[in-house]
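Work through the exercises below with the sequence and the 3D structure at hand. Each task is followed by a solution in steps.

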Amino acid sequence: MNSTVPNALVDGVATGRIDVQDRGLHYGDGLFETLAVRDGRPRFWSRHMARLMAGLERLGFPVVDERQLEAEAESLIRPGQQGVLKILLTRGRAGRGYGTIKGQAPSRVLLMAPWPEGLEAKARAGVAVRMCQLRLGQNPILAGIKHLNRLEQVMARSEWETPEIDEGLLCDGGERVIEGTRANLFMVRNGTLLTPELSASGVAGVMRSVVLDLARELGAPARVKAIHRRELSEADELFLTNSLQGIVPIRHLQQQQWTDWPLTRRLQEALATTEEGTAWYP
Ligand SMILES: Cc1ncc(COP(=O)(O)O)c(C=O)c1O
């Protein structure tokens, strides 16, 4: 790694430290994005920015200059680099108490991490998944956006240690399946692509939106709807999506098994041939 290029910036300054009064730390008062960087280029930048800006609006943050974020991201990424770019925005510093200071500029934290090993192999072979015991809370004000409160995911991920299990699926209190701990869920049933609606829980993934657009382009019928957990037993195919892994078939879920995923494979191929998804799979 080139030591002259820092791997983290806080408000534009190369440092690995944040202020102890940062509201992101105290209250989880902020938002984040995790982007794939392939061949030196952050992928699906405008979709990530759209979700980030929607989150800012939802939380009542002042607008952030996207060009400034872009310039800072560029300064962190080396030419040709494969990696993960994380962008965090918090409501900045505060004294004691929840009250906010109107118009206070958000703090920006950008950091680069190495590309995780083994993602491509999982996308090819598929992964084993379990059902989590934890139930996601329902909260329409926070649903869909990628805010910094991720305790449900942390708790759910602590439910298993077996390395063979790659992901856990989470339901809400009404036994509707919502998503994985770090991915969205899709199901194919009788030729139709289904993904859970996320008006009260879950994160509206960037890759989920890409997949819904790809399905439209392929002419595959797709619907966003509430999915009861018992409907999973009717799945002809299941797959997970996130910005780093792209599209990952599910091979095992509890007693169920799948060995081929015709529509999932078509969507993977379609993703690999898009401008932003190019070189996603080797
Ligand atoms: C809880 C949760 N849901 C869904 C996703 C998928 O989001 P995206 O496709 O934007 O990466 C993530 C990604 O980290 C996540 O943490």
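**Exercise 1: a glutamate in a helix**

With a relative accessibility of 10%, E72 counts as buried. The model is a predicted one. Task: state which helix holds E72 and which residues E72 touches, not counting residues up to four places away in sequence.

Solution. Step 1: the cut-off for buried is under 20% relative accessible area, so E72, at 10%, falls in the buried class. Step 2: E72 is found in helix α3. Step 3: with residues up to four places away in sequence left out, the contacts of E72 are L9, D11, G12, R108 and L110.

**Exercise 2: the packing of α2 and α3**

Task: describe how helix α2 and helix α3 pack, giving the angle and the distance between their axes.

Solution. Step 1: two packed helices are described by the angle between their axes and by the distance between the axes. Step 2: α2 covers residues 45-59 and α3 residues 66-76; the angle is about 130 degrees and the axes are 12 Å apart. Step 3: angles of 65 to 115 degrees count as roughly perpendicular and those over 145 as roughly antiparallel, and α2 and α3 are therefore oblique to each other. Step 4: the crossing of α2 past α3 is right-handed. Step 5: on the α2 side W45, M49, L52 and M53 take part, and they meet E66, L69, E70 and A73 of α3.

**Exercise 3: the packing of α6 and α7**

Task: find the angle at which helix α6 and helix α7 pack, and classify their orientation to each other.

Solution. Step 1: α6 (residues 206-218) packs with α7 (residues 262-272) at about 100 degrees, the axes being 10 Å apart. Step 2: the two helices are therefore roughly perpendicular to each other. Step 3: α6 contributes M207, V210, V211, L214, A215 and L218 to the contact, while α7 contributes R266, L267, A270 and L271.

**Exercise 4: aromatic rings**

Task: say how many aromatic pairs a search of the whole structure finds, and describe the one formed by F186 and F239.

Solution. Step 1: the search finds two aromatic pairs. Step 2: one of them, F186 with F239, is stacked, with 4.9 Å centre to centre and 10 degrees between the planes. Step 3: F186 lies in strand β10 and F239 in strand β13, so the pair ties together parts that are 53 residues apart in sequence. Step 4: F186 and F239 are both buried.

**Exercise 5: charges over rings**

Task: which rings do R38 and R157 lie over?

Solution. Step 1: R38 has its charged end over the ring of W115, 4.3 Å from the centre. Step 2: R157 lies over the face of W160, 4.0 Å from the ring centre.

Key. Residues are numbered from 1 along each chain as its sequence is written. This is a predicted model: local features need pLDDT of at least 70, side-chain atom pairs count only at pLDDT 80 or more; totals for chains, interfaces and linings use all residues. Side-chain values use heavy atoms; hydrogens and water are left out. Rings of Phe, Tyr and Trp (its six-membered ring) pair if their centres lie within 6.5 Å; planes under 30 degrees apart count as stacked, over 60 as edge-to-face and the rest as tilted. Helices (H or I, at least four residues) and strands (E, at least two) are DSSP runs, numbered from the N terminus. Buried means under 20% relative accessible area, exposed over 50%, partly exposed in between (1.4 Å probe, protein chains only). A charge sits over a ring if NZ of Lys or CZ of Arg is within 6 Å of the ring centre and within 35 degrees of the ring normal. Axes are lines fitted to C-alpha atoms, for helices over the stretch in contact, and angles run from 0 to 180 degrees between N-to-C directions. Angles under 35 degrees count as roughly parallel, over 145 as roughly antiparallel, 65 to 115 as roughly perpendicular and the rest as oblique. A crossing is left-handed if the near helix is turned anticlockwise from the far one by less than a right angle, and right-handed if clockwise. Contact means heavy atoms within 4.5 Å.
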